[in-house]
Amino acid sequence: RLGGEFPVFMDGRYLFHPLLAKTAEAESSPDAWRDYLDRWGVEWAVVVDRRRDPAFFHPVLWALVHRDGPAQVWVRRQSFPKGWVMARELR
């Protein structure tokens, strides 16, 4: 629905099977998770996981801009205009 402006890296379907083990490994710690997102150039993430610790998205680098139940939308601060982030960030 977001069109070509926001390419999808991974969306939970099993067509991403080759990355499942690497993703699980990255989820072992906040540092590993940040390295994983950096490696793949992830600029925003829709996370649906009640167990996801906010430490996995360091507040200096990431902003929480939307929450709906267990779903969270995080954006990489440097990838979006500062005013856009400030207007939408949930604190």
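**Exercise 1.** Which exposed residues does the face of H2 turned away from its buried side carry?

*Solution.* This is a predicted model, in which local features need pLDDT of at least 70, side-chain atom pairs count only at pLDDT 80 or more, and totals for chains, interfaces and linings use all residues. Residues are numbered from 1 along each chain as its sequence is written, and side-chain values use heavy atoms, with hydrogens and water left out.

Step 1. Helices (H or I, at least four residues) and strands (E, at least two) are DSSP runs, numbered from the N terminus.

Step 2. List the buried residues of H2: Trp33, Arg34, Tyr36 and Leu37. They lie on the same side of H2, because they cover an arc of only 160° around the axis; the arc is that of the directions from the helix axis to the C-beta atoms.

Step 3. Turn to the face away from that buried side: Asp35 and Arg39 are its exposed residues.

Step 4. The cover over the buried residues of H2 includes H1, S2 and S3.

**Exercise 2.** Describe how H1 and H2 pack.

*Solution.* Step 1. Two packed helices are described by the angle between their axes and the distance between the axes. Axes are lines fitted to C-alpha atoms, for helices over the stretch in contact, and angles run from 0 to 180 degrees between N-to-C directions.

Step 1. Helix H1 (residues 17-26) meets helix H2 (residues 30-40) at about 135°, and their axes are 7 Å apart. H1 is therefore oblique to H2 (under 35 degrees is roughly parallel, over 145 roughly antiparallel, 65 to 115 roughly perpendicular, and the rest oblique).

Step 2. From H1, Leu19, Lys22, Thr23, Glu25 and Ala26 make the contact; from H2, Ala32, Trp33, Tyr36, Arg39 and Trp40 do. Contact means heavy atoms within 4.5 Å.

**Exercise 3.** In what order do the three strands of the open sheet lie, and is Val75 buried or exposed?

*Solution.* Step 1. The order is S1-S3-S2, with antiparallel pairing; two strands pair if DSSP finds at least two bridges between them.

Step 1. The edge strands, each pairing on one side only, are S1 (44-48) and S2 (62-68).

Step 2. Five bridges join S1 to S3 (residues 71-76), and Ala45 stands opposite Trp74 in S3.

Step 3. Val75 lies in S3. Val75 counts as buried because its relative accessibility is 2%. Among the residues that Val75 touches are Trp44, Trp62 and Phe80.

Key: Buried < 20%, exposed > 50% of the residue type's maximum accessible area, 1.4 Å probe, protein only. Lists of a residue's contacts leave out its neighbours within four places in sequence.
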